[in-house]
Amino acid sequence: MSDSPLDRRTLLKSAIAGLVALPCAGLVREAEAADAPHLDEKDPLAVAMGYVHDAKKVDASKVPQYKPGSFCHNCVQLVGKEGDEWRPCNLFPGKLVDKDGWCKVWVLKPGAKVG
Ligand code: SF4
């Protein structure tokens, strides 16, 4: 690699352009996510994971993994905008889950409380 000032300047410009592009890519993904369809409870993966739109409907006697007070909104896998009813979940790419939903993969988000 050359040490000429021009090459360093070009490299610096590229690095800055890359840093600016990262948050923009995140905004695009966020906008795309908002338009995604809602996950169907009958979707084969949703069925396999025991996903429901309303966690309060989970029968704890039949689903031992269920812990009362666990919801998608306090799960580490939920992403997207805080407060939105329907948000992306890492487990179901391209679909949105209900913030009050639940599935067997639920794990408490660090810093969140059950309930
Ligand atoms: S992984 Fe978490 S956020 Fe995703 S559907 Fe299951 S409980 Fe909800």
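Where is Val 63 found? Val 63 turns up in the loop between α2 and β1, the helices (H or I, at least four residues) and strands (E, at least two) being DSSP runs numbered from the N terminus. The model is a predicted one, in which local features need pLDDT of at least 70, side-chain atom pairs count only at pLDDT 80 or more, and totals for chains, interfaces and linings use all residues. Residues are numbered from 1 along each chain as its sequence is written, and side-chain values use heavy atoms, with hydrogens and water left out.

As for the overall layout, the protein has 2 helices and 2 strands, and from the N terminus on these elements run α-α-β-β. Of its 115 residues, 24% count as buried; that word stands for under 20% relative accessible area, with exposed meaning over 50% and partly exposed in between (1.4 Å probe, protein chains only). The protein exposes about 7700 Å², with carbon and sulfur atoms supplying 62% of that area, as worked out by the Shrake-Rupley method with a 1.4 Å probe, where for residues only the protein chains shown count as cover. Among contacts (heavy atoms within 4.5 Å) with a separation of 6 or more, residues 24 or more positions apart account for 65%.

Next comes the ligand. Around the ligand sit Tyr 51, Cys 72, Cys 75, Gln 77, Leu 78, Cys 89, Phe 92, Trp 102, Cys 103 and Trp 106, each with a heavy atom within 4 Å of it. This shell divides into 9 nonpolar residues, 1 polar and no charged. Here Ala, Val, Leu, Ile, Met, Phe, Trp, Tyr, Cys and Pro count as nonpolar, Asp, Glu, Lys and Arg as charged, and the others, Gly among them, as polar.

Back to Val 63. With a relative accessible area of 17%, Val 63 is buried. Beyond its neighbours within four places in sequence, Val 63 is in contact with Val 58, Trp 102 and Lys 104; Trp 102 is also one of the residues around the ligand. Between Val 63 and Gly 50, 13 residues apart along the chain, the C-alpha separation is 8.6 Å.

Val 79 lies in the loop between α2 (44-49) and β1 (86-88). Why does Val 79 count as partly exposed? Because its relative accessibility is 32%. Setting aside neighbours within four places in sequence, Val 79 is in contact with Arg 87, Pro 88, Cys 89 and Asn 90. The C-alpha atoms of Val 79 and Asn 90 are separated by 7.2 Å, with the two residues 11 apart along the chain.

Helix α1 (residues 5-34) holds Ala 34, and this residue counts as exposed at 58% relative accessibility. Ala 34 and Trp 86 are 52 residues apart along the chain, yet their C-alpha atoms are separated by 8.1 Å. Asp 35 belongs to the loop between α1 and α2 and is exposed too, at 67% relative accessibility. From C-alpha to C-alpha, Asp 35 and Lys 95 are 9.0 Å apart in space, and 60 residues apart in sequence.
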